[in-house]
Amino acid sequence: MKRFVAYYIMCTSVLGLLSSCNRLQKESIVEFCENTIEIPSDLEVISSGRISKFNLDSLHPYKLIIYHAPNNCLSCKISQLQYNEVIYQLSNRTGKFSVLNIFSPLKDDIDIVRNHIILTQYNFPVYLDVSSNFRKQNQLITDDERFHCFLLDSLNHPIYIGNPMTNAKKRAEFYKILDI
């Protein structure tokens with residue numbers, strides 16, 4: 001029954017998002033949610049200035065992906081990571097979802113991005129797509145930044161699109177999906 005309620009909430013939040021969109025946006029959202037997001041096992045994890053190996057098994061069934069594409073100003077995005085600390089605290093407090101802040105730099109920029117993340121020494125994990133596998137395996141993620149933050153269910157299907165910290169309505173939808 002709980003699974004049905006969660007599915008119902010997920011569907012109504014996607015439908016709510018669709019009601020405020022034009023036809024082309026609706027088609028993009030539906031297509032995006034019909035796919036499975038691949039999370040490669042070779043991501044590099046940087047936390048508190050240290051690099052470690054990624055362990056897929058350590059993730060919660062629900063995963064909030066915050067994706068930073070190579071065409072973004074990655075140094076700007078790294079500098080703004082401090083604003084994501086609230087979502088990491090919520091994740092730690094509830095234990096209901098994992099946060100994956102994934103940076104996918106171009107090959108020539110990997111060392112610069114890695115060093116910048118190490119020097120900032122955030123006390124939460126930041127993921128580096130050093131082999132570009134996240135980007136290659138998930139080509140459905142377009143340059144449209146509205147699709148760069150989303151929640152995945154246990155089967156890695158997007159069930160929520162957007163940053164839950166942007167406003168109270170998005171946050172309430174996010175909390176409802178996760179039963180927080």
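Q: What should I know before reading the numbers here?
A: Local features in this predicted model need pLDDT of at least 70, side-chain atom pairs count only at pLDDT 80 or more, and totals for chains, interfaces and linings use all residues. Residues are numbered from 1 along each chain as its sequence is written, and side-chain values use heavy atoms, with hydrogens and water left out.

Q: Which strands does S1 pair with?
A: Strands are DSSP runs of E, at least two residues, numbered from the N terminus, and two of them pair if DSSP finds at least two bridges between them. Here S1 (residues 44–47) runs antiparallel to S2 (residues 50–53), with four bridges; Val 45 is bridged to Ser 52, for instance. S1 also pairs with S5 (residues 126–128), again antiparallel, over three bridges, and there Glu 44 has Leu 128 as its partner.

Q: How many residues sit between S1 and S2 in the hairpin?
A: Two, and Ser 48 in that turn has a positive phi of about 55°.

Q: How do I read an aromatic pair?
A: You describe it by the distance of the centres and the angle of the planes. Rings of Phe, Tyr and Trp (its six-membered ring) pair with centres within 6.5 Å; planes under 30 degrees apart are stacked, over 60 edge-to-face, the rest tilted. The whole structure has six such pairs. One of them, Phe 54 with Tyr 127, is edge-to-face at 5.4 Å and 85°. Those two are 73 residues apart, Phe 54 in the loop between S2 and S3 (62–68) and Tyr 127 in S5.

Q: Is Phe 54 buried or exposed?
A: Buried, because its relative accessibility is 10%, where buried means under 20% relative accessible area, exposed over 50%, and partly exposed in between (1.4 Å probe, protein chains only). Tyr 127 counts as buried too, at 7%.
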